[in-house]
Amino acid sequence: MSADTTSSAAIGPVEGAVYDVDNPAPYIEAPRKRTGKTPKATRGNFEMAAWLFMRLSGVVLVVLVLGHLLIQLFLDGGVSKIGFAFVAGRWASPFWQVWDLLMLWLAMLHGANGLRTVINDYAERANTRLWLKGLLYTATVFTILLGTLVIFTFDPNIR
Amino acid sequence: MATPVLDKVEAESAASPYITVTMRIRRFNPEISDASVWEDFQIEIDPKERVLDALHKIKWDVDGTLTFRRSCAHGICGSDAMRINGKNRLACKTLIKDINPEKPITVEAIKGLTVLKDLVVDMEPFFQAYRDVMPFLVTKGNEPTRERLQTAEDRERFDDTTKCILCAACTSSCPVFWNDGQYFGPAAIVNAHRFIFDSRDEAGEQRLEILNDKDGVWRCRTTFNCTDACPRGIEVTKAIQEVKRALITRRF
Ligand code: SF4
Ligand code: FES
């Protein structure tokens, strides 16, 4: 009798209502309770440095990347002029070496940090985060090292 | 005797302001099921009334088990923030006519906090973040015999953030908070801002240091959801950016 009143009449149909007073639904642990296991607040400044870096590198990249696109794609014959000789000619000058090196480092770090925040915001499980970030950092380090190596050891007489 | 009464009733029904609206409410009762379901209620209501009145009508006349928080019913206490038609608002400040009553009006609990029952959520993580920023005046030295004086300009500096009623509409509209709930959230930062920029307070440095945390202001993505959600019209995102600026300019 009493079971009747609790289940259907008052509340209306609920999908899969297999729970009642004797068989209660599982207790849901509050997900954000601050317990002993919650990591201690870090007072480091890494996040601030990262935030500032994003702003500053963004401004510099606007100049570097737009200049790069202009030179590579529009001036002096556009894309058709790009070839081994063109690259070799540019990298003969330290100015363009520094330009490209700076662009490589800033763009890679800027992009990597952006993806890091995306992973932090959207990957929900700790393991997923770990793997995604591992992949990201590996790819970033590999690309930066390879690019730097090429810029510094570029040999125009290679055959 | 009977005729005038009848006339009056007829006249009233002819000019009846009532319309039928469908309230689609997200119900959750952990004693029955671990899943939540949408439930529709058809009610007669004056469109100039508020969503809170509709909820009262349902609770008082249709289904007494509907659970929600409210206290003042006039936008002061901040207990009845809920997601109405997909937007965080106070049920007591939202008129039915303003949210297109021709379509079903959806009402659900605010996101990012554990639902306890129907529209009631566990506010503990929200208030934990609030407590963490020390929302009280901290001073050194002797207590003045009279009030602590402040110029009108100094008061103006943090006027906007004094208006917060801690309804959690902003924090529970923030996608960064939805993710893992460790982010301090806009409301805590707004209340820290209120003291950081108060000329009488002397713990601004400490509060800035707290918000410099990995889960502090730097997680803000300037989405502006909080500013849109705030029922008090506080420029929440601006307050967060002012805290960021203070953090940077105090160092360099
Ligand atoms: S800042 Fe606005 S939305 Fe956020 S808790 Fe305060 S009153 Fe509510
Ligand atoms: S009931 Fe107090 S703010 Fe809505």
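In what order do the elements of chain A run from the N terminus on? They run α-α-α-α-α.

This is a predicted model, so local features need pLDDT of at least 70 and side-chain atom pairs count only at pLDDT 80 or more, while totals for chains, interfaces and linings use all residues. Residues are numbered from 1 along each chain as its sequence is written, chains are lettered from A and ligands numbered from 1 in the order in which they are written, and side-chain values use heavy atoms, with hydrogens and water left out.

**View 1. Chain A holds five helices and zero strands.** Helices (H or I, at least four residues) and strands (E, at least two) are DSSP runs, numbered from the N terminus. Chain A has 159 residues, and 29% of them are buried. Buried means under 20% relative accessible area, exposed over 50%, and partly exposed in between (1.4 Å probe, protein chains only). Take the chain A contacts between residues at least 6 apart in sequence: 65% join residues at least 24 apart. A contact means heavy atoms within 4.5 Å.

**View 2. Five strands of chain B form an open sheet.** The strand order is β2-β1-β5-β3-β4, with mixed pairing. Two strands pair if DSSP finds at least two bridges between them. β2 (37-45) and β4 (87-90) of chain B stand at the edges; each has a single partner strand, so one side of each is left without a neighbour in the sheet. From one strand to the next, the twist averages 35°. Axes are lines fitted to C-alpha atoms, for helices over the stretch in contact, and angles run from 0 to 180 degrees between N-to-C directions. Helix α2 (residues 51-62) of chain B lies across β1, β2, β3 (81-84) and β5 of that chain. It runs at about 95° to β2(B).

**View 3. β5(B) pairs with β1(B) in the parallel sense.** Three bridges join β1 (residues 19-27) and β5 (residues 105-108) of chain B. B:Arg24 has B:Thr106 in β5(B) as its bridge partner. β5(B) also pairs with β3(B), in the antiparallel sense and over two bridges. There, B:Glu108 of β5(B) is the bridge partner of B:Arg83.

**View 4. β3(B) and β4(B) form a hairpin with two residues between the strands.** The pairing is antiparallel, over four bridges. B:Arg83 stands opposite B:Asn88 in β4(B). In the hairpin, B:Asn85 takes a positive phi near 50°. In a regular strand the side chains alternate between the two faces of the sheet. On β3(B), B:Ala81 and B:Arg83 point one way, and B:Met82 and B:Ile84 the other. All of these are buried.

**View 5. Ligand 1 is surrounded by 13 residues.** The closest are B:Cys164, B:Ile165, B:Cys167, B:Cys170 and B:Cys230. A residue is near a molecule or strand if one of its heavy atoms lies within 4 Å of it. Which classes make up the shell around ligand 1? Twelve of the shell residues are nonpolar, none is polar and one is charged. Ala, Val, Leu, Ile, Met, Phe, Trp, Tyr, Cys and Pro count as nonpolar, Asp, Glu, Lys and Arg as charged, and the others, Gly among them, as polar. B:Cys164 is partly exposed, at 23% relative accessible area. B:Cys230 is buried, at 15%.

**View 6. Helix α6 (residues 186-196) of chain B is largely enclosed by the rest of the structure.** The reason is that eleven of its eleven residues are buried. Among them are B:Pro186, B:Asn191, B:His193, B:Arg194 and B:Ile196. The cover over the buried residues of α6(B) includes α3 (124-132), α4 (152-157), α7 (204-211), α8 (225-229) and α9 (236-249) of chain B.

View 7. B:Leu166 counts as buried, at 17% relative accessibility. At 44% relative accessibility, B:Phe224 counts as partly exposed. The C-alpha atoms of B:Thr114 and B:Pro125 are separated by 9.3 Å, and the two residues are eleven apart along the chain.
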